[in-house]
Amino acid sequence: ANMISMFAHDMRSSLTGIHGLALRLLNKSAGMEEERKIEYLRIINKEAAKLESLVDDFLEFSRLETGRLKLNFDSISLEKELLELFEAYRAKTAQTAIRMELQIEEALPIIEADANRLRRVFTNLLDNALKFSKGQGVITISAKEVNHGVVVKIMDEGIGIDPAELPFIFDLFHRGCGSEKREGYGIGLATVKAIVEGHGGRVYVASTLGKGSTFTIVLPRKIKRKEGE
């Protein structure tokens, strides 16, 4: 029940914003400057995208939790996936004071993974890094081969996470201190953990308040299959 009420609260805040601005556009559109109209539409678009992402996360997590989501494993180039993400986020931060860096030591091995779900893991972590980067600093994606797999790190120089919150950061809807005043991690990190563990991997976080956070994902090269698969 608590999970549902928090999900509804998140949805409501975006819907209230969309509804309010849409009403203003309907009622006062005639005497409104074009620039103001465009700004309202921009905010509506941003809130709608947030809502869509939240619903996607919720559906994804509920499927993972109930075991209904089948991960589609294939041989993928993690290097290609990370390069594409890096380019996308570099374009996204081009007009900001945030700098993106990609560090890949030597060639990464081909791994067995669900490319779409892994992309979701990395975009969730990169979106959080952007959200908590205070509008500046460096966000680094690094990857290297280790025994039997690959380690990917996403590091930011943002506001960091309180040590008391670290044990709960991957819990569903964990918000942390002052969460009513700012966006929290919400459902995203619970989804990240579920997808990574579905790959037979592990995810860790290390953080220093005021200095930033590092999320570490360890992925095996091959999936351990059960008898008969």
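Leaving aside neighbours within four places in sequence, L102 is in contact with L83, F86 and I141. This is a predicted model. L102 belongs to strand 2. Is L102 buried or partly exposed? Its relative accessibility is 23%, so L102 counts as partly exposed; the cut-off for buried is under 20%. The C-alpha atoms of L102 and L85 are separated by 9.9 Å, and the two residues are 17 residues apart along the chain.

**The chain as a whole**

The chain has 5 helices and 7 strands. From the N terminus on, the elements run α-α-β-α-β-β-α-β-β-α-β-β. Of the 229 residues, 43% are buried. Residues 24 or more positions apart account for 71% of them.

**T93, in a loop**

T93 lies in the loop between helix 3 and strand 2 (97-104). Why does T93 count as buried? The reason is its relative accessibility of 4%, against a cut-off of under 20%. The side chain of T93 reaches the backbone oxygen of Y89 at 3.0 Å. Leaving aside neighbours within four places in sequence, T93 is in contact with I98, M100 and L130.

**Helix 4**

Helix 4 covers residues 115-131. It has 17 residues and reaches 24 Å from its first C-alpha to its last. That is close to the 24 Å expected at 1.5 Å a residue. At the start of helix 4, a side-chain oxygen of D114 comes to within 3.2 Å of the backbone nitrogen of N116.

How many of the 17 residues of helix 4 are buried? The count is 12, and helix 4 is mostly covered. Among the buried residues are A115, L118, V121, F122, L125 and A129. R117, R120, N124 and N128 are buried too.

Helix 4 meets both helix 3 (residues 78-92) and helix 5 (residues 188-198). The table sets out the axes of each pair.

| Pair | Axes come within | Crossing angle |
|---|---|---|
| Helix 3 and helix 4 | 11 Å | roughly 35° |
| Helix 4 and helix 5 | 9 Å | roughly 145° |

Helix 3 passes helix 4 in a right-handed crossing. On the helix 3 side, the contact uses L78, E81, L82, L85, Y89 and K92. They meet A115, L118, R119, F122, T123, L126, D127 and L130 of helix 4. The residues of this contact divide into 9 nonpolar, 1 polar and 4 charged.

Helix 4 passes helix 5 in a left-handed crossing. Which residues make this contact? Helix 4 supplies R117, R120, V121, N124, L125 and N128. Helix 5 supplies G188, L189, T191, V192, I195 and V196. Together they divide into 6 nonpolar, 4 polar and 2 charged.

**Helix 5**

Helix 5 is largely enclosed by the rest of the structure, because 8 of its 11 residues are buried. The buried residues are G188, L189, A190, T191, V192, A194, I195 and V196. Just after helix 5, G200 takes a positive phi of about 75°.

**Following the links**

Notes
Residues are numbered from 1 along each chain as its sequence is written. This is a predicted model: local features need pLDDT of at least 70, side-chain atom pairs count only at pLDDT 80 or more; totals for chains, interfaces and linings use all residues. Side-chain values use heavy atoms; hydrogens and water are left out. Helices (H or I, at least four residues) and strands (E, at least two) are DSSP runs, numbered from the N terminus. The expected span of a helix is 1.5 Å times one less than its number of residues. Buried means under 20% relative accessible area, exposed over 50%, partly exposed in between (1.4 Å probe, protein chains only). A polar contact is a pair of N or O atoms within 3.5 Å; within protein, one must be able to donate a hydrogen and the other to accept it, and residues adjacent in sequence count only if both atoms are side-chain atoms. Axes are lines fitted to C-alpha atoms, for helices over the stretch in contact, and angles run from 0 to 180 degrees between N-to-C directions. A crossing is left-handed if the near helix is turned anticlockwise from the far one by less than a right angle, and right-handed if clockwise. Contact means heavy atoms within 4.5 Å. Ala, Val, Leu, Ile, Met, Phe, Trp, Tyr, Cys and Pro count as nonpolar, Asp, Glu, Lys and Arg as charged, and the others, Gly among them, as polar.
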